[in-house]
Amino acid sequence: MMDLDTFLQDPKVLPNYLFILPLSIKPVFPGLFCPLVVTGEKDIEVVTRAISTGGMIGALLEKEAHTSDNQKREDTLYTVGTMCKILKSIKLPDGGLNLYISTQNRFRVDSFFYNEDALCAKVTYLQDKPYNRSRLTAWVRTLNEELKAMNQKMPMFSEENRLNLINIDDPSKFADYMASILSIEPDKQQLILEELDVKKRIEAILFHIEEEKRIIQMQGSIREHVNKKLEKNQRDYFLREELRQIQKELGIIQNKGDLVEKLKSDLDRLNLKGEAKETVENEFARFSALEPNSPEYSMSLNYLQTIAALPWADEPFKDFDLKKAEKILNSEHYGMEEVKDRVLEFLAVRKRRQDTKGAIICLVGPPGVGKTSVGLSIAKAIGKKCYRFSVGGMKDEAEIKGHRRTYVGALPGKIIQGLKIVKTKSPVFLIDEIDKMGESYQGDPASALLEALDPEQNKEFRDRYLDLPFDISQVLFIVTANTLETIPSPLLDRMEIIELSGYTSNEKLNIGKKYLLPKSLEKNGLNKKDVKYSPSILLSIAEGYAREAGVRNFDKALDKINRKIARESLTNPEFKLPITVTDELVVKYLGKAPFSEDEVKKADKVGTSIGLAWTSMGGDTLLIEAENYPGKGELNITGQLGDVMKESVNIAWTYLKREAVRRNIDYSFFERNNVHLHIPEGATPKDGPSAGVTLTVALYSLLTNQVMKQKLAMTGELTLTGKVMPIGGLKEKILAAKRCGIDTIIIPYANRNDLDKLSDEVKSGITFCPVKDMQEVLKLSFPNDKHVRMSEEEYIKVDEEKLKQEKENENDSKYLKELLCQLTNRVVEKE
């Protein structure tokens, strides 16, 4: 039998026994000439013995590194490898070997064994599965094309490799060569080595090429992104350098030294005195000593820049033309003669005195009547810059007086911010929604406004951020509100109140024609020639779709119509401009009118009455309902009535109980019935004393089973003795009555002089009935009332008869008690 050494030395046969050389980087494929470096002592010994026995060696890839003496070397190796012929061996300076090998055949390990500590293996050689060479030609060409395309995008093969690929015509050898030169992971290369189906081997290589193409594409994207970023950084660098040179030419700050110099120049121009000068000098000295990376640097810088940006110097009186001011007010607002007169009187006094001191004007009225626009017109009329801000919903007093500088992100209050923006010491400040300020744990903004709006205090207004006295007495403050009830009395005391009431239908018509319609047409890309509105159409829109005190909903309705016309003119070929708006078009675009004659409140049933109320939204009508049902004289009240209104109900109820006796009405009604009084729209809170007479009329209608006079409304506070007290908001209540088609209004006698202040347009079509007491109200409300009231003498006589009857009943009661007592005693004696 041939021993191992003799068998390995025989070059005529493929040896079945091979020395095994582990490969740590990647496997080697058959058919190649390649270098190989061996460094391990045991591996060098194996190579030396293989060279001495014919130079044949088996190369196997390691699954994992051999890390311990207890671990068998063969357990770390794959079982399929390549038989190699060592052609040349060169010793390296570090003791290793540089081999030049020729790879020949695939083999599979049948078993491992050791020969004098050298790892050997019994092997079986593997052959490719039979294949049709012509059929694989297409695969090889496809593989070649993919390689060429990939090599053009990113050259990855040397000229030598490219020539080798051209010269290889065998598909199996071509696949092996490709697998060896591609950058495929070792474990995946091992799978390709183990694959004996040439077609599948080529498919695996194609898959790896496609994967490599995607990676190359991603690398290209990353490289392009990096290049762009580098280009942008370089571009930004050059631009910054150019900007630095431009800033230097313009004197703009470059570094801290430039910043300190410019800031000192700005502060010196302010000519500050007293406390302000001392504080600013100390702060500037501290800022000059700070480093830019100090956390206090930006805080101190912002503080000094804020001071430098404020207008500290007093300004002379800026004259204005009173006639021009009147012209501006008239051109921008229709009607409101009383308001305009008040504003012009204020401006005339200011011009007469050449006064630079500001004032506080409070414009009060329902939404949409033009309060804000009047404020802006005042600023325009006197040629002042205007700063506008809203305090509605504000709950933090720091919004008015600023934050302490010690807080991160601290800012001055709205007053100082506004002065910093307008850069003048005598601007107009328009403060909206002053009646809607809140109060929270963060303070009360209304109280903070006291100092700003008080002429005696605002000469030295002290914002918390500045912590310096600043004179804001030259600011003209104009505030707007819907109601005065929620404004604190101390704040209200500092204002000059100018009331703006709602508009009549005729005023709405003129406002719509002169102001709202042109603005709406322009806003929606139309002009006067495209769309035409007749006065009757404008009036019908105002009365049917915008029956509020102001004109905001009127404006929205016009906008909606014009928007739909603009859209239809572009989408409907049959729709041609110009067009005249008709009633049909209004219904088409706006829908049916929410306000119609059928929905007008009417007191046409027993137990109902119509009252007039004033709200922050303008005037309104109240329908009061009362019903009775069997009970014990209880009075139920619903409709979200406030405490004052509930008191008015109790006063009316007590008054009617006494009145029932005076009018010979069956008093048992109060003892046998419960009464439920309700004011509809229960979700809306209601309060105030002016519904006293209306409540009484509704209860009297229920008590006497009568319906009050139609198209009649009333307002007035009732006292317990029946007197009618004066009310407020008469104009708004009259306008609300006119919107509901009412032609007769009962008002307190004390308000008769208020009628003289109203225009004829407001009073037209209304009959006013001033009354002093409730008797006159009942007489006007129930002209056919059969319950005649007793005179004072008759009432006294009735009282005397009742008293006499009560005494007789009392005597009879005493007699019966004595008789009962005697009978009881007799029964006891007999027993």
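Predicted model: local features only at pLDDT ≥ 70, side-chain atom pairs only at ≥ 80, totals over all residues.
Visitor: Are R286 and E296 buried or partly exposed?

Guide: Buried means under 20% relative accessible area and exposed means over 50%, with partly exposed in between. R286 has 35% relative accessibility, so it counts as partly exposed. E296, at 37%, is partly exposed too.

Visitor: How many salt bridges does the structure hold?

Guide: There are 27 in the structure. One of them joins R494 and D454, at 3.1 Å from N to O. That pair connects loops 40 residues apart: R494 sits between α17 (489-492) and β13 (496-499), and D454 between α16 (445-453) and β10 (461-462). Here D454 is buried because its relative accessibility is 10%, while R494, at 24%, is partly exposed. Another bridge brings together D467 and R462, at 3.7 Å.

Visitor: Which residues are linked in a network of salt bridges?

Guide: Look at R106, D128, D176 and R201, which are linked in such a network.

Visitor: And charges without a salt bridge? Which residues form the negative surface patch?

Guide: Patch members must have over 30% relative accessible area and no salt bridge. The negative patch consists of E326, E337, E338, D341, E345 and E499. Helix α12 (residues 337-353) supplies the largest share, four residues. E326 lies in helix α11 (residues 322-332), and its relative accessibility of 37% makes it partly exposed.

Visitor: Which residues form the positive patch?

Guide: K318, K385, K420 and K423 form the positive patch. Take K420, in helix α15 (residues 414-422): with a relative accessible area of 33%, it is partly exposed.

Visitor: What does H208 touch?

Guide: Leaving out residues up to four places away in sequence, H208 touches I184, K188 and I192. H208 is in helix α7 (residues 198-250) and is buried, since its relative accessible area is 11%.

Visitor: How many helices and strands does the whole chain have?

Guide: The chain has 28 helices and 24 strands. Of its 831 residues, 45% count as buried. Among contacts between residues at least 6 apart in sequence, 73% join residues at least 24 apart.

Note on methods
Residues numbered from 1 in each chain as written. Heavy atoms only, no water. Patch = residues over 30% accessible without salt bridge, like charges linked within 9 Å, V, L, I, M, F, W, Y side chains within 5 Å. Areas by Shrake-Rupley, 256 points an atom, 1.4 Å probe, with all protein chains shown as cover. Salt bridge = Lys/Arg side-chain N within 4 Å of Asp/Glu carboxyl O. Lys, Arg positive; Asp, Glu negative; His and termini not counted. Charge placed at Lys NZ, Arg CZ, Asp CG, Glu CD. Helix = DSSP H or I, 4+ residues; strand = E, 2+ residues; numbered from the N terminus. Buried < 20%, exposed > 50% of the residue type's maximum accessible area, 1.4 Å probe, protein only. Contact = heavy atoms within 4.5 Å.
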